[in-house]
Amino acid sequence: MVLGDYRFALVDLETTGGQAGQDQIMEAAVRVLGGEQELEWQSLIDPACAVPSFIQGLTGISSSMLRGKPRFSEIQETLWSYLDGAILVAHNARFDAGFLRANFARYGRDYQPRILCTLKLARALYPDWPRHGLETICERIGFYSEVHHRAMADVDAMKAFLDYARADKGEAVFNFEAGLLLGLPVLPPTISQTDIDAIPLQPGVYRLLGEAGELLYLAGATSLQEQVCSHFENSAGDSKAAKLARRVYAVQWQALAGDLSAALHVNAALRAEKPLLQRRMKAMGKPCCMRFISNDRGELQLRLRSGLPANIAQTTELLALFRDRKHAKTRIAELAKEHDLCLRRLAVLADTESCGCRICTGAANLPSPAEAEAQLVLASNVEFASRVKAAFAGYLYAPWPFTEPALIHEQSQAGCSEWHLIDDWRYYGSFTWDAATGQLCELSDQARPVDVEAIRLRCEQSKELQYEHYRLLRAFRDDLPWLPLSEFAINKAQ
Ligand SMILES: [Zn+2]
């Protein structure tokens, strides 16, 4: 970020009180920095009301001093010409911005500047100072002023603080903190634009590291560079994103073949590495499956059970899979509503519980309860069952579509190419293809070559089905080429 591209208006107002809606501005001072012309301007302003005595005591501005001075209406044009398009810099800037917004609004002007609050900036740059009022700051930085609480004196104090902080902390740190407060794109002081430019616009995983090399954040990205930069953009003020940006010292990244590869990596890495500033992965509830049971009257009923059946690969039973029980219950209720399925009829709810479906609530607009009953029976069990299955289509377990392991090929535009080994929806590792030796090489293990027979053996190890892998692989089923292992072997042998 280049703060030099912007025009800044350092502003201080003296007012008759603290309420922007009812109190009045009685003095304004502006110093415009940057831009084509640097200038300063100040004026006392007749507030057209008495100055409360404690304000008079604080500022030294009396009612008599304001008699005959211009009204806000007379200076607003001039003031606007200085402020319009400039970044508003003020100490406790919300106060000044509020008064300016309220006063300009009376003349049909909408004042919504970017704001740099020097109080927040002082707190961010000097967190160990006990207080950050303008007078304290002046003492700290050795800036002596004859007067306080007069508009131009306070503007000068702000200017002195900005100059001091920039020299004291250095341009990189100063720009970073100011940029964060302004919601402008920034870079952590220890990361240069050259570092950023070196990150490819390619899929992969990246890690944000702290000062001692500790892992703060870990994620996959479709475009590494863009996503790394997104951590340092619009992370305004004291947000979580800004908190993260402030602790980043270095970025590590690894380009991968694509989104599936990145997701498989992140999935494993998050479990192993536990980044400090990342929302803990949802304490994974147990995945959960829903069975479609036919009772002795041939009526379809839904049953939830925790965990996935051990023999899920061999099962011919219809099953719907969910992340966990809570998610299952939410989705069942939502889908029932969407598809107008009666949850009492499905035995999800007991007969005594209230179901929101059209028949139970009477909204089906059936003439009488007897007729509603008839309607219910008429909607035959077979028709009802097929509606239920259609409603849950997106969650139905799809049997493994091959009779052997398969390799999914993924390749990035930069030519990064990987083969992911999957059997029965279980993930057995990723490989690169070494054309020179005609062998697959382990991606994670310094390119150790692995032959097809070893791969086949590896897939014979029993492995629990991981719900996240299953969802992920299903999502990529149509987007990437999947090759059964035997076909792969034949292809590559040619
Ligand atoms: Zn119902």
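**Overall architecture and nonpolar cores of the predicted model**

The accessible surface of the protein amounts to about 25,600 Å², of which 49% belongs to carbon and sulfur atoms; accessible areas were computed by the Shrake-Rupley method with a 1.4 Å probe, and for residues only the protein chains shown count as cover. The structure is a predicted model, in which local features need pLDDT of at least 70 and side-chain atom pairs count only at pLDDT 80 or more, while totals for chains, interfaces and linings use all residues. Residues are numbered from 1 along each chain as its sequence is written, and side-chain values use heavy atoms, with hydrogens and water left out.

The protein contains 19 helices and 17 strands, defined as DSSP runs numbered from the N terminus (helices, H or I, at least four residues; strands, E, at least two). Its radius of gyration is 34 Å, well over the 23 Å that the globule rule gives for 494 residues, so the protein is more spread out than a compact globule; the radius is taken over C-alpha atoms, and the rule is 2.2 Å times the number of residues to the power 0.38. Along the principal axes, the C-alpha trace spans about 95 × 80 × 35 Å. Of the 494 residues, 46% are buried (buried means under 20% relative accessible area, exposed over 50% and partly exposed in between, with a 1.4 Å probe and protein chains only). Among contacts (heavy atoms within 4.5 Å) with a separation of 6 or more, 64% involve residues 24 or more positions apart.

The largest nonpolar core comprises 30 residues, of which Leu10, Val89, Leu116, Leu121, Phe161 and Leu162 touch the most other members; such a core is a set of buried Ala, Val, Leu, Ile, Met, Phe, Trp, Tyr and Cys residues joined through side-chain atoms within 4.5 Å. Elements giving two or more residues to this core include strand 1 (8-15), strand 2 (25-33), helix 5 (118-125) and helix 7 (151-169), and helix 7 gives the most, with 9 residues. Leaving aside neighbours within four places in sequence, Leu121 is in contact with Phe161, Leu162, Phe174, Glu177, Ala178 and Leu181. A second, separate core of 25 residues includes Ile332, Ala336, Ala391 and Tyr395.

The loop between helix 13 (325-338) and helix 14 (358-361) holds Asp340, which has a positive phi of about 55° although it is not a glycine and is partly exposed at 27% relative accessibility. Ala347 lies in the loop between helix 13 and helix 14; its phi is near 60°, a positive value in a residue other than glycine, and its relative accessible area of 37% makes Ala347 partly exposed.
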